[in-house]
Each structure stands twice: as structure tokens, then as C-alpha cells.
Amino acid sequence: MLFVILGKLKLPVKKNRMNNMKIIPGIASPSLSLKIATALNLKLAKTTFREFPDGEIYVKVENFDDKNIIVQSLISNEDIVSLMMLFDALKGTEIITVIPYMGYARQDRAFEKGEAISIRAIAEFLEKYSSKILTVNLHSEKGASYFNKLINLDATPLIGNYLKEKDIVMISPDLGFCERVKVLAKIGNFKFYCLEKRRIDSKKVEILAKNLDIKGKKVVIVDDIIPTGETIIKAGKILLEKGAENITAVCVHPVLANYSLNDIYRAGIKEVIATDTIERSISKISVADLIANELRKLM
Ligand code: R5P
């Protein structure tokens, strides 16, 4: 308990529970870290990331506190190694780990004997150092089942609100995301359709679309993640062939590997919009308040 001394009177002062907390910006999430810190009225610790000539990563954290909130998406292997270093730099403190985009989540089971279950390995790593783990739209329920300390937030209502006023038809590119798109479509009272997708390999997909009434309509394809863009490109092509006026693609996690945004635009998609779980030029919808509100409950 703190006291202030007013003349001879000692008055107890309620200590702000967040006074001894810092946001630790990870290398992959600098802008989102700042937005979350601003929303929570917390300070950012200073983090330094450098690469040695041999490719090894150097990490330093200054001005950290007894309790720390790391914000770091796991987009690349470097992101995972630098997170490992952050955990070490903060050793002995309480750490809440915010992983806005949880990479390695799609390998959530062993399809063949001897395969690593990638998300299980990531879960075990994060659980070891964190008092709580927050993420946004983890790819599958199965993936989430490997965690004990996970809070899995849903950013799709933010997408619904962003599109609310528009005159559009909504499309799920596969049956897996159909239920979410159904809920989203309700927010703006949009007509919606779910396509069927068959994955041939990690880069090729086949899309089936039946009975769509989209002639002359502005169509928005919504997906949780765009890694190669193949799904959006194939779905967009079919929707344009069926008479859509134009196509926008919206997703939570814009992975967009290998400059695939170029391929998507070249395929005739008018616009691509995403959240900032991965910070890209197209990240127009922020998950900062969604995450900050949840963190507030934990403090
Ligand atoms: C699949 O389950 C996901 O929701 C996405 O549709 C998929 O990951 C998209 O992949 P790509 O952009 O590589 O086609």
C-alpha cells in the first residue's frame, strides 16, 4: 500500500494495478504494440533487435517491469527465435504473451507417422513462459486444444462492422469459414454464399461454386488467413466469370507470402483489406482495442 502524507495525516493511495506493467514490442508487431499501449495507458519498454553477420539474432529489453505484456506475431521463424530471446531477457518477471497472429497453426495434427504437430510445439513453448496467452482467430479448434492458458479472440465482428454500411454480397471461399461468414453477414444484413474448396497441395486449390446470384453485385470474399492468395485468386476468378461487378477480399491475417498481393491484384481483385494482426499496408482494421479490452480484464 502507498501512502501520501498530507500535513500529519497519512492517507492510503490505491495503487494503479497497471503502474508496474510494460508493453514489450516484439519485432513483428511494433505499431500494434503502440496502439495497445496507448489504449491501456501503459508505457512501451525499449526493445532492440539486431542480426549478427552469421544470422543469429541479438535481443535487448530496457525499462521492463515486474509484469510485462509481450506483443509479437509469429509470422517467420525469426519471430519465434526473437520471442524466445524476449522470454529470456524478461526472466523472473510475469509475462502475458499476446500473439496476434499465431503462425504454425495449420499443422494441427500428424497426417503421416513421424510428422511434428507444429502448433503443439508452439503451444508448449509459449505455455512454459507465459501466465496467459492471447491470440486472434487461431486457425482451428484442434490447434487451440493444445493450450491451457490461451484466450482466443475473434476479430471477425470488426470486419462485419467495417463493411456494415456497404451494399455487398459476402462469400466464404470454403465450408470451413462458412459459419463465421454467416454470423458476419447478419451484422450488415448481407446476402451470403459459401463456396466449396478442395486443396490439391499447399499451393493449389480447386473451388466449386453453385447457384450464386451475384450478377452486377459487389462481392466481398472473407477468409481467416491469406497465405499464398491461391484461394482468393481462384474464388475471385469464378465470381467474376459469374458476373460479379467487382471483388474485394478481406481477411484477419494477411500473411501474403512471396509478394502474393501482386498476384491477387493481377487476378482482378479490386481491393484487399485486413486487420493488423500482421502489419501490412492493407491492414486497415485494428485489433488493438479487442486485445486491450481483454488485457484490461486480466489486470
Ligand atoms: C483454409 O482453411 C484457410 O481458411 C484459408 O482459406 C487458406 O489458408 C488460404 O490459403 P491460400 O491463400 O494459400 O490459398
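I began with K191, which is partly exposed at 42% relative accessibility (buried is under 20% relative accessible area, exposed over 50%, partly exposed in between, with a 1.4 Å probe and protein chains only). I kept in mind that this is a predicted model, where local features need pLDDT of at least 70, side-chain atom pairs count only at pLDDT 80 or more, and totals for chains, interfaces and linings use all residues. Residues are numbered from 1 along each chain as its sequence is written, and side-chain values use heavy atoms, with hydrogens and water left out.

Next I looked up the partner of K191: its side chain meets that of D213 in a salt bridge, 3.2 Å from N to O (a side-chain nitrogen of Lys or Arg within 4 Å of a carboxyl oxygen of Asp or Glu). This pair links distant parts of the chain, 22 residues apart, with K191 in strand β12 and D213 in the loop between β14 and β15 (helices are DSSP runs of H or I, at least four residues, and strands of E, at least two, numbered from the N terminus). I noted D213 as partly exposed too, at 38%.

Then I turned to the helices. In α7, K237 and E241 are four residues apart, so about one helical turn separates them; their closest N and O atoms are 3.6 Å apart in a salt bridge, and both residues are exposed.

In α9, I found E294 and K297 three residues apart, bridged at 3.1 Å. Buried or exposed, which is E294? I have E294 down as buried, at 14%, while K297 is exposed at 62%.

Last, I checked the total: the structure holds 16 salt bridges.
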